[in-house]
Amino acid sequence: MGRATALPSSFGGCVSDITSHQIQSQSERAAALASFKLADSLFAWLTRLAALCVLALLGAIIISLIIGAWPAIKTYGFDFLTTQRWAPNAKPVPILGGLGPLYGTLVSSIIALLIAVPVGLGIAIFLTELCPQVLRRSVGIAIELLAGIPSIIYGMWGFFVLGPILADTIEPAIADFVEDIPILGTIFAGPASNLSLFNASLVLAIMILPFITAISRDVFNTVPTVLKEAAYGLGCTTWEVVRRVVIPYTRVGVIGAIMLALGRALGETMAVTFVIGNSFRISSSVFAPGTTISAAIASEFAEARDLHQSALILLGLLLFVLTFFVLSGARLMLRHLARQQGV
Amino acid sequence: MTFMPTVRAALVATLALTGAVQAAEITGAGATFPFPLYSKWADAYKKETGNGLNYQSIGSGAGIKQIQAKTVTFGASDMPLKEEALKKDGLVQFPMVMGAIVPVVNLEGVKPGELVLDGETLANIYLGKVKKWNDASIKKLNPSLTLPSTNIAVVRRSDGSGTTFNFTDYLTKASPAWAKEVGADTAVEWPVGVGAKGNDGVAGNVGQTKNSIGYVEYAYAKQNKLTYTALVNKAGKTVQPTVASFQAAAANADWANAPGFYQILTDQPGEASWPITAATFILMYAAPTDKTASTEALKFFDWAFEKGDAMAVELDYIPMPATVSDLVRKSWASIKNK
């Protein structure tokens, strides 16, 4: 009761306080509101400007790439996409085709994904579902540290350590093993080279592994415990819980992780340039040297002139388009999945 | 295409600024081939005069581009420009020092200078026609060596390069097949091999890859303790890469009658000549915009001709003969620094 009676009186005191300063405070209030409004609109414009900056930058990059690539586009047209020869010294005009680097970019990224996705998801599942609490943190941190290693370090490791091991022992063994199997025999044909598409793919796989693992682990952690417990309660095995509950629940996030990893693999430059061998010829064997778009640009741009330089810029434009399609493809896929789940 | 030079100019300006702010430094950019020597000269010159040289070893082609963009006082290139090209851009060209390119191999049990190759065989290896180390053509040149039946891992440059220009120029002269299928240039369409960036990249790759072959400037072979090969020269004699054989090749050059000092020293006659010898060149503007910088650069080159020979020999480069450096000094009259 005491509280109930006290309330109006204090309230009344407050009101009288306000009335005594009403005229002054009203104008103050208006001024404060105006300044809020100003700050608000200023803030809104600043953020809008920041967002527009990104768009302008993107547009500027595309435009400058197109301007730079124009001489090559004019000279080679669509043949650029189907020509394998890369002869900057051909007379009278250089014969330049982007098929080799395009092929190398796609194949190295795909092999890297083929290796990194199962392993990365495996680590994430282990960390969230099976790992003892003590290990969980340390393994998780180790994975995150992997993502922080500069790419040149991976490149040097691939060059000095992985390359010789692959070429001297692993690649010849694989080549011998699959020699008589029709398709595999061609894909994994010798002679083994220290620097090869396969070496680059392995290095890429290790580089993108932490992305897939870290993001998948985070999304796996978002699965409500009650769902999993319900499934275990019905007698599901761990595999069934992962397969039927965790993965379907987190599909969108996992695909996002894979696409992010693919984006990184497509554009990775330094590590790949170190280990891929920089050869524009397409070989049916992944043990042969190859090149990627970014590796080609990194190793040739400084010395390139005229059409040669323009063709390298065109390669850059192609990588831009390729990455754009990969990302928008992922978006479309996610939207499609979301719709399916909604139904 | 006007935007690329602008981008490049901006980039180089930023890079050059870091040097320019410190002192009245001479700026140059270009070939990686003479870089070990230029940096040694620059060190000694700085101690003696207090003036520094800021040389960016970014490759011959890039050096030519830099001087054309006027972002450096001098450009350096292993591939000389022809007279027409010099006239078009208002450039003056002169040779600074000579050096040699050697094939290097990584073969177990083979010591430096033991393996003998000739131009034809070297071309066939780089054409992918000779695939194994125990190929008949290699065996014929090396009857006493036991060579493995392994594949030859070919290493070549991935970037454009004056070293490549001189190497492929030699192969073009030595092998009609190479001339027809590939030709000579700073960057060519390589039939086989893995590409490595720079002389150091090739040296590193050959050192790392078993059963490989590559080509580098002699100083890089020596510094990295690589197994260089002997070569059969135009006269049919087997020669080792030594300063004497490089000098023998260089002695043939007729600098006095070469407009713009355009001279390529590969496949020279003479019994003692090393077949892949090359000069490296300096490019400067005949009418420079920064006259003081240009004067300073010429002072440095004059000093290098005068006092740099011992250092050049130490690093296995071949100094220009006195007659040639006098010719070069005379040619500087065409650079208008006043």
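In which helix of chain B is B:L127 found? B:L127 belongs to helix α5 (residues 119-127) of chain B; helices are DSSP runs of H or I with at least four residues, strands are runs of E with at least two, and both are numbered from the N terminus.

The model is predicted, so local features need pLDDT of at least 70 and side-chain atom pairs count only at pLDDT 80 or more, while totals for chains, interfaces and linings use all residues. Residues are numbered from 1 along each chain as its sequence is written, chains are lettered from A and ligands numbered from 1 in the order in which they are written, and side-chain values use heavy atoms, with hydrogens and water left out.

**View 1. B:L127 and B:V192 in chain B.** B:L127 counts as buried because its relative accessibility is 8% (buried is under 20% relative accessible area, exposed over 50%, partly exposed in between, with a 1.4 Å probe and protein chains only). B:L127 and B:V192 are 65 residues apart in sequence, and their C-alpha atoms are 6.5 Å apart in space.

**View 2. Helix α3 of chain B and B:K70.** Of the 9 residues in α3 (residues 60-68) of chain B, 8 are buried. Among them are B:S60, B:I64 and B:I67. Just after this helix, B:K70 has a positive phi of about 60°.

**View 3. The nonpolar patch on chain A.** The patch includes A:W157, A:F160 and A:M270, and its residues together have about 790 Å² of accessible area. Patch residues have over 30% relative accessible area and no salt bridge; like charges are joined within 9 Å, and nonpolar side chains (Val, Leu, Ile, Met, Phe, Trp, Tyr) within 5 Å. Accessible areas come from the Shrake-Rupley method with a 1.4 Å probe, and for residues only the protein chains shown count as cover. Helix α6 (residues 151-178) of chain A gives the most to the patch, with 8 residues. A:M270 lies in helix α11 (residues 270-275) of chain A and is partly exposed at 35% relative accessibility.

**View 4. The second largest cavity.** This cavity holds about 40 Å³ of space. A cavity is a set of points on a 1 Å grid over the protein atoms alone where a 1.4 Å probe fits but cannot get out, and lining residues have an atom within 4 Å of a point. Grid points are joined across faces, edges and corners, and a volume is the space filled by probe spheres set on the points. The lining includes B:W41, B:F305 and B:D309. At least two lining residues come from each of β4 (91-106), α12 (291-307) and α13 (309-314) of chain B.

View 5. A salt bridge places a side-chain nitrogen of Lys or Arg within 4 Å of a carboxyl oxygen of Asp or Glu. B:E296 and B:K299 form one at 3.3 Å, N to O. Both lie in α12 of chain B, 3 residues apart, about one turn of the helix. B:E296 is buried at 19% relative accessible area, whereas B:K299 is partly exposed at 46%. B:D302 forms a salt bridge with B:R329, with the closest N and O atoms 2.4 Å apart. B:D302 is in α12 and B:R329 in helix α14 (residues 322-331) of chain B, so the pair ties together parts 27 residues apart in sequence. Salt bridges with shared partners join B:D302, B:E306, B:D326 and B:R329 into one network.

Conventions. 1 Å grid on protein atoms, 1.4 Å probe; cavity = no way out; pocket = protein on both sides within 12 Å on 5 of 7 lines; lining within 4 Å.
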